[in-house]
Amino acid sequence: FKDDLSTSPQLFAPMSPYDVDLPLQPTEDVLFGSQFNQPKELPTDFSVDLSFLPDITPDNKEQNLSEDGHEAQKELDGSVSRNDDGGIFMDESSSSNPDATQPSPEGSGACLPLTPMTPMTPVTPASERSGIVPQLQNIVSTVNLACKLDLKNIALHARNAEYNPKRFAAVIMRIREPRTTALIFSSGKMVCTGAKSEEQSRLAARKYARVVQKLGFPAKFLDFKIQNMVGSCDVRFPIRLEGLVLTHQQFSSYEPELFPGLIYRMVKPRIVLLIFVSGKVVLTGAKERSEIYEAFENIYPILKGFKKAT
Amino acid sequence: EVAYSQSTGQKEQLSRCLQRGIRRVQDLCKVLQLPTVFEETAVSYFQRALQHPSFHLVSLEKKELLGGCCIFVTCRQHNWPLTMGTICSLLYAKQELFASVFLSLQKELGLSVPALSLADLVKTHLNSFRLFQRTADIPAPFVEDEAKMVTRTTQIVELASETWLVTGRHPVPIVTAAAFLSWQSLRPAARLACTLARFCKLAGVDLPPPAHLRLKELLEILLRMASQLAWLRVFNVDKKTVVKHIGDLLQHRIFLLKNAFHLEDGEEQGAAAPGEGSPVSPVAGGAAQEQGCPSEGKRQCDEDGPRPLLPPCLIHPRKRLRTAAPSASDSAITGDEPISDSEIEQYLRGPEEIQAFRKAKAWL
């Protein structure tokens with residue numbers, strides 16, 4: 001299903017942990033269906049990584065097919081390690097010299113899954129790095145307490161719980177440290193929002209599980225998973241959104257009648273960025289924080305190059 | 001036994017829905033007086049969309065909006081400046097619902113929707129203004145020539161766009177404010193006393209709430225430009241009287257913008273104002289580069305010196321609680337820390353509390 005917590009158009013909601021009116025589907029089965037039906041995730045080393053494939057533009061289409069064609073076959077057959085340079089490819093307009101930004105075919109072909117992931121030489125030279133680190137603002141995680149819960153009972157016995165079955169079919173619970181909010185469903189599934197780091201989210205989720213345990217339920221702590229991470233930062237210069245949407249039409253949606261920011265759907269990594277005229281950028285849809293950092297390093301040269309052109 | 005969903009009955013029902021939808025699209029196109037080719041395109045988008053799995057089974061309400069969305073997309077692709085507001089009012093639709101259907105349509109069908117052309121919007125929006133012909137309720141001095149108004153309004157909207165007043169904002173209020181200023185400036189003597197609200201009422205158009213703010217911002221820009229026009233320095237130009245000089249300001253706008261504002265990357269103010277001897281002091285420029293004066297609040301520090309050309313949200317930043325960067329202790333959290341019983345127990349109700357709570361609930 002498409003509209004899950006991480007990427008629905010109502011993605012602004014997870015940013016405020018105290019916003020009770022979260023636009024979630026009332027039946028938690030829809031929420032958890034996709035997560036719990038998937039096979040257990042293997043480490044990223046073993047997934048097929050097609051990041052070496054550049055964007056198909058008329059210019060580099062033929063060029064790359066010939067260069068990487070051979071390696072492409074090898075890599076598609078077996079497992080490859082993640083290519084750190086992949087992020088650069090989504091921007092076909094950034095460099096007039098495509099060769100400068102592509103990794104050597106030998107390099108990508110030789111990567112084997114057994115090799116530990118040491119950071120490869122970054123393609124963006126240090127001098128072009130933004131020097132800005134996006135700050136994590138919100139983490140959404142889920143965990144399975146693996147026991148049926150009596151929500152009315154929980155709402156009666158817990159001080160920090162809210163339960164309004166006519167409005168929403170879950171108990172809304174809050175703790176002070178780490179400052180977070182949890183949605184606890186009668187099936188035993190739980191969503192934890194508002195933490196500023198993965199570790200904090202896990203600690204918070206454990207505390208909620210302990211509260212539920214102390215209330216007399218045999219709660220476990222299974223399949224804890226980070227579902228979405230939201231970060232934000234400031235490039236410190238204004239951005240002509242109407243121009244950006246012209247040059248990056250296939251990734252951008254800018255409708256000032258609907259929303260003041262430009263919605264940029266980055267392909268690699270698969271992150272949604274909200275870019276505002278003030279230069280503030282919100283990044284969301286990440287499952288790991290490296291995706292947020294990578295997405296920002298990809299967008300920064302685009303925004304910077306754009307600024308000089310106006 | 002065959003399930004209804006697998007019988008031909010369902011297919012027939014769907015095509016009736018499709019037929020009704022197509023007719024609705026065609027009717028809307030006629031109401032909007034769109035060229036025939038638009039109608040054909042919109043209908044084809046509509047058919048494609050209805051067959052798409054994500055729209056196949058949506059509510060009838062959404063299907064009605066879907067038709068409107070297809071027309072909207074078609075118009076935008078032909079640079080026909082139909083706004084979302086207009087199509088929503090024709091469909092009696094909630095804008096949020098329309099927005100979500102529009103975004104889904106754009107995504108699922110992979111449609112590229114070009115940006116709304118402001119220049120075209122000016123023409124169509126002004127077309128609905130009832131100021132171009134003498135009628136009973138419009139005083140003679142208020143009647144204006146449409147072509148002149150379109151030209152001047154377009155120039156003011158372009159000026160707004162160059163000075164960061166357009167990006168991220170609703171387009172219609174900007175056009176309304178620009179139309180008002182352009183109308184006033186074409187015959188200031190008779191029209192300066194007229195307010196924006198009265199102007200809209202006479203013209204027979206809605207006054208969108210942001211228009212007042214856009215008007216204020218436009219006047220601020222014009223005043224700054226006026227300060228760089230030598231022959232205006234003699235007069236004490238304020239936000240009322242500056243309207244009289246809008247014609248001149250627009251004529252020399254490129255030059256005036258360069259002198260009244262300095263660009264982000266610290267461009268030097270080389271050229272002097274016409275007739276003026278001294279160039280603008282770079283020191284004042286440097287100081288103005290900071291975001292406003294904290295001590296003065298919203299007022300500009302230096303009325304005469306150039307201020308940076310920035311979007312209003314950066315010139316007047318709203319005081320925001322900056323969330324502190326994660327402290328050292330926050331970053332040290334591993335997630336596996338032991339959790340004390342006492343910490344958890346603070347969240348549990350004691351027996352007396354539960355009794356009291358139960359009693360209170362019984363009263364409700």
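Trainee: Which residue of β4(A) is the bridge partner of A:Ala170?
Mentor: A:Phe185 is the bridge partner of A:Ala170. Keep in mind that this is a predicted model.

Trainee: How many bridges join β3 and β4 of chain A?
Mentor: Six. Strand β3 covers residues 170-175 of chain A, and β4 covers 180-185. The two run antiparallel.

Trainee: And how many residues sit between them?
Mentor: Four. β3(A) and β4(A) form a hairpin.

Trainee: What about β2(A) and β3(A)?
Mentor: They form a hairpin too, with six residues between them. Three bridges join β2(A) to β3(A), and they run antiparallel. A:Glu162, for instance, has A:Ile172 in β3(A) as its bridge partner.

Trainee: Is β3(A) mostly covered or open?
Mentor: Mostly covered. Six of its six residues are buried.

Trainee: Which way do those residues point?
Mentor: A:Ala170, A:Ile172 and A:Arg174 point one way from β3(A). A:Val171, A:Met173 and A:Ile175 point the other way. In a regular strand, side chains alternate between the two faces of the sheet.

Trainee: Let's zoom out. What is the strand order in the sheet?
Mentor: In chain A the order is β2-β3-β4-β5-β1-β6-β10-β9-β8-β7. That is an open sheet of 10 strands with antiparallel pairing.

Trainee: Which strands stand at the edges?
Mentor: β2 (161-163) and β7 (252-253) of chain A. Each has a single partner strand, so one side of each is left without a neighbour in the sheet.

Trainee: Where is A:Gln227?
Mentor: A:Gln227 lies in strand β6 of chain A, residues 222-234.

Trainee: Buried or exposed?
Mentor: Buried. The relative accessible area of A:Gln227 is 5%, and the cut-off for buried is under 20%.

Trainee: What does its side chain join up with?
Mentor: The side chain of A:Thr142. The polar contact between A:Gln227 and A:Thr142 is 2.8 Å.

Trainee: Give me chain A in numbers.
Mentor: Chain A has eight helices and 10 strands. Of its 310 residues, 52% are buried. Among contacts in chain A with a separation of 6 or more, 68% are between residues 24 or more positions apart.

Trainee: Next, the cores. How many residues has the largest nonpolar core?
Mentor: It has 88 residues. A:Ile275 and B:Phe199 have the most contacts inside it.

Trainee: What does A:Ile275 touch?
Mentor: Leaving aside residues up to four places away in sequence, the residues A:Ile275 touches include A:Ile239, A:Leu241, A:Leu262, A:Val281 and A:Leu303.

Trainee: What other core lies apart from the largest one?
Mentor: One of 36 residues. B:Leu28, B:Phe38, B:Leu66 and B:Val101 are among them.

Trainee: On to chain B. What are its domains?
Mentor: The domain assignment gives domain 1 (4-109) and domain 2 (118-262). The centres of those two domains of chain B, taken over C-alpha atoms, are separated by 36 Å.

Trainee: Which residues are buried in helix α5 of chain B?
Mentor: B:Met84, B:Ile87, B:Cys88 and B:Leu91, within a helix of residues 84-91. They cover an arc of only 100° around the axis, which puts them on the same side of α5(B).

Trainee: Why would that spacing line up?
Mentor: An α-helix has 3.6 residues a turn, so residues three or four places apart point the same way.

Trainee: And what follows α5(B)?
Mentor: B:Tyr92. The phi of B:Tyr92 is positive, near 55°.

Terms used. Residues are numbered from 1 along each chain as its sequence is written. Chains are lettered from A and ligands numbered from 1 in the order in which they are written. This is a predicted model: local features need pLDDT of at least 70, side-chain atom pairs count only at pLDDT 80 or more; totals for chains, interfaces and linings use all residues. Side-chain values use heavy atoms; hydrogens and water are left out. Buried means under 20% relative accessible area, exposed over 50%, partly exposed in between (1.4 Å probe, protein chains only). The arc is that of the directions from the helix axis to the C-beta atoms. A nonpolar core is a set of buried Ala, Val, Leu, Ile, Met, Phe, Trp, Tyr and Cys residues joined through side-chain atoms within 4.5 Å. Contact means heavy atoms within 4.5 Å. Domain bounds come from an automatic or database domain assignment. A polar contact is a pair of N or O atoms within 3.5 Å; within protein, one must be able to donate a hydrogen and the other to accept it, and residues adjacent in sequence count only if both atoms are side-chain atoms. Two strands pair if DSSP finds at least two bridges between them.
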